[in-house]
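This report describes a protein model together with its ligand. Please look at the sequence and structure below before reading on.

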Amino acid sequence: MTNREKIPVHVTIIMDGNGRWAKKQGLKRIFGHKAGVESVRQATEFAAEKGIKYLSLFAFSEENWSRPQDEVNLLMELMVDAILKETPKLVKNNVKFLVVGERTKLPRVVQEKIISAEQSTSASTGLTLIVFLSYSGKWDIMQAAARCYKEEGVSGETLSPEKFEKYLATAGIPDPDLLIRTSGEKRISNYMLWQTAYTEFYFPEVLWPDFRKNDFLIALEEYSARERRYGKTGEQVNNL
Ligand code: IPE
Ligand code: IPE
Ligand code: MG
């Protein structure tokens, strides 16, 4: 097997372990979320340096709405602060910012900041940074099915994966090549269920607030060593 560096087109990260990180330091959970913003900054910078085209981050799931109200409120405030603070840097670094999820559930002020950040970075041609907010994989598939039925009136014979995925909230974004979930949890937690059909998974133990460029590099090395077969044999893949 060759370990030649393969750069994934789309890397997605389930940023997990903020609460445990805070607890370890005897702090409230929110301090873990705050510390995680620096990890987002570093991951974005690293992805751009490496020529990764899409970096997506799972920041808040549909299920996370059922956390204690004060944690939800503080997380929303943190999103607004981070978007406001980081947007000029994104523009300067040619990064395009996008949010995917059920936006109408977000507080109005968060929705406004998102639109403004998306507009300010819409001309960027470098890295696309996608933040998944109020997102769940089942929600995405359900809303796609409803819209697909309504707009195409599709029946079983004419429906194809290609036709269907145009209605997913991630339409136009290539499926992730590599999914990293920090904190050692080995589950998908209702994230991109359709889109990760052939994604490579990597589960480092590091907690998200401790995730640094070197952890990202190790993940890319692991990815480079993987052989993606898509159902074929190893011989078929290597003779391509
Ligand atoms: C991930 O960290 C951030 C969000 C889900 C918003 P957690 O808050 O889930 O941290 P742990 O899993 O409790 O350590
Ligand atoms: C998944 O983490 C969602 C995000 C990181 C945004 P959770 O911490 O909510 O997942 P579970 O509950 O441990 O599966
Ligand atoms: Mg968690």
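Ala, Val, Leu, Ile, Met, Phe, Trp, Tyr, Cys and Pro count as nonpolar, Asp, Glu, Lys and Arg as charged, and the others, Gly among them, as polar. By these classes, the lining of the largest pocket holds 21 nonpolar, 11 polar and 12 charged residues.

This is a predicted model, in which local features need pLDDT of at least 70 and side-chain atom pairs pLDDT 80 or more, while totals for chains, interfaces and linings use all residues. Residues are numbered from 1 along each chain as written, ligands are numbered from 1 in the order written, and side-chain values use heavy atoms, without hydrogens and water.

**Ligand 1**

The residues around ligand 1 (a heavy atom within 4 Å) include Met15, Asp16, Gly19, Arg20, His33 and Leu75.

**Trp139**

Trp139 belongs to helix α5, residues 137–152 (a DSSP run of H or I with at least four residues). Trp139 counts as buried because its relative accessible area is 18%, where buried means under 20% with a 1.4 Å probe and protein chains only. Leaving aside residues up to four places away in sequence, Trp139 touches Glu62, Gly101, Glu102 and Ala169 (heavy atoms within 4.5 Å). The C-alpha atom of Trp139 is 9.6 Å from that of Leu168, 29 residues away along the chain.

How values were computed: Helix = DSSP H or I, 4+ residues; strand = E, 2+ residues; numbered from the N terminus. Buried < 20%, exposed > 50% of the residue type's maximum accessible area, 1.4 Å probe, protein only.
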